[in-house]
Amino acid sequence: MGEQFDMFRTEALPERRAPSIRAKRAPPAPVPARQHEALDEATLVSMLEATGRYRIQRKLEPRSVVSWDKSRFPRLAVIVDTETTGLDHEKNEIIELGMVAVTYDPSGQVGDVVGIFNALRQPQEPIPPEITRLTGITDAMVAGKAISPAEVEAFIEPADLIIAHNARFDRPFCERFAPGFAPKPWACSNVEIAWSDRGFEGTKLGYLLGQSGYFHNGHRAVDDCHALLEVLARPSGESRTVPFAELLKASERARIRISAINSPFDMKERLKARGYRWNDGSNGQPKSWWTEVGEEEAEAELKFLRAEIYQWPEARPLTQRLAATDRFKA
């Protein structure tokens, strides 16, 4: 009688061997060499990009700082960015200020980074949770920290131009903190460069940097300054010119401040939707909704006000011609 199989059996069954079959086996195929081990990072990146199936984003590495007397170019611009406790420069405070000083020539070619300033500051009130979520800056990080207005003013004193990616926001905060910003010419890289003509899909710094092939630690002041510098210095568009040159030319042109004095109250939402801001008259400017446009856009804006807001072709909103020292003020 054959052996009965016991499913609960614990001892091992005798090993059953397959019938011996003598066959000649082929020798193992050689393992192909891992060619990429011999390639450097730049070559690998080039190979991937050359396929057309990959886009590589590089981590933004800040430029090295050189002495100004060794820089290639004589002029100086300071890129500035602020992190604040809110949007109102009269009520909210700066909690971080970042600046990068860079040289340039009259044609708008970018030279060298010759100075970096970055500092945290403890505000009078706790940092709102939404600001911490956005910036990563906590009350513990700023505890006991201060920014010296005198040091800030010494840093910007030799600058020919102050640049911010949202000068309408940053300039009022900066001027309130350090009056030395007030007499300086300002330029706004957000509104004074035709980014869409250069092939960019948006004007936010993150979009511009990403489409330029970089990523960085956004929403920290000095990191955003370094990021903006790279975007401004990188040739783009069909002309392959640098955006910094376009911004420099824009800073040399006047802008027009248009105040919609005595505009109908029920038109305020339309004005807000178009980007107009309210001025309460406390700063010496007319109490009215107002906006700021380039000289080439002024006539079209006045036509809009007459046709859509006042609905009277003879209406004459107040216009003021602003030089670079007066633009983007509160």
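Me: What makes the open sheet of 4 strands antiparallel, and in which order do its strands stand?

Reply: The 4 strands of this open sheet follow the order 9-10-8-11, and their pairing is antiparallel. Strands are said to pair if DSSP finds at least two bridges between them, and strand 9 reaches strand 10 (residues 288-294) through 3 bridges in the antiparallel sense, so this pair meets the criterion of at least two. Strands themselves are DSSP runs of E with at least two residues, helices are runs of H or I with at least four, and both are numbered from the N terminus. The model is a predicted one, in which local features need pLDDT of at least 70 and side-chain atom pairs count only at pLDDT 80 or more, while totals for chains, interfaces and linings use all residues. Residues are numbered from 1 along each chain as its sequence is written, and side-chain values use heavy atoms, with hydrogens and water left out.

Me: Why are strand 9 (277-279) and strand 11 called the edges of this sheet?

Reply: In the open sheet with the order 9-10-8-11, strand 9 and strand 11 each have a single partner strand, so one side of each is left without a neighbour in the sheet. From one strand to the next, the twist averages 35°, where axes are lines fitted to C-alpha atoms (for helices over the stretch in contact) and angles run from 0 to 180 degrees between N-to-C directions.

Me: How do you know that helix 10 packs on the sheet, and which strands does helix 10 touch?

Reply: Strand 9 and strand 10 are joined by 3 bridges, and helix 10 packs on the sheet, touching strand 8 (255-260), strand 10 and strand 11. A contact here means heavy atoms within 4.5 Å. The direction of helix 10 makes about 10° with that of strand 8.

Me: Why is strand 2 (residues 75-84) called mostly covered?

Reply: A residue is buried under 20% relative accessible area, exposed over 50%, and partly exposed in between (1.4 Å probe, protein chains only), and in strand 2 buried residues account for 9 of 10. Across the chain, 42% of the 330 residues are buried.

Me: Which strands pair with strand 2, and in which sense?

Reply: Strand 2 runs antiparallel to strand 3 (residues 94-104), the two being joined by 10 bridges, whereas its pairing with strand 5 (residues 161-164) is parallel and extends over 3 bridges. Towards strand 3, D81 is bridged to G98, and towards strand 5, I79 is bridged to I163.

Me: Why is the contact of E93 and R121 called a salt bridge?

Reply: The term requires a side-chain nitrogen of Lys or Arg within 4 Å of a carboxyl oxygen of Asp or Glu; with 3.0 Å from N to O, the side chains of E93 and R121 therefore qualify as one. E93 lies in the loop between strand 2 and strand 3, and R121 in the loop between strand 4 (110-120) and helix 2 (129-135), so the pair ties together parts that are 28 residues apart in sequence. E93 has a relative accessible area of 16% and is therefore called buried, and R121, at 18%, is likewise buried.

Me: What makes R220 and E96 a link between distant parts of the chain?

Reply: The side chains of R220 and E96 meet in a salt bridge of 2.9 Å, N to O. R220 lies in the loop between strand 7 (214-215) and helix 7 (221-233) while E96 lies in strand 3, and the two are 124 residues apart. R220 is at 16% relative accessibility and counts as buried, and E96, at 1%, also counts as buried.
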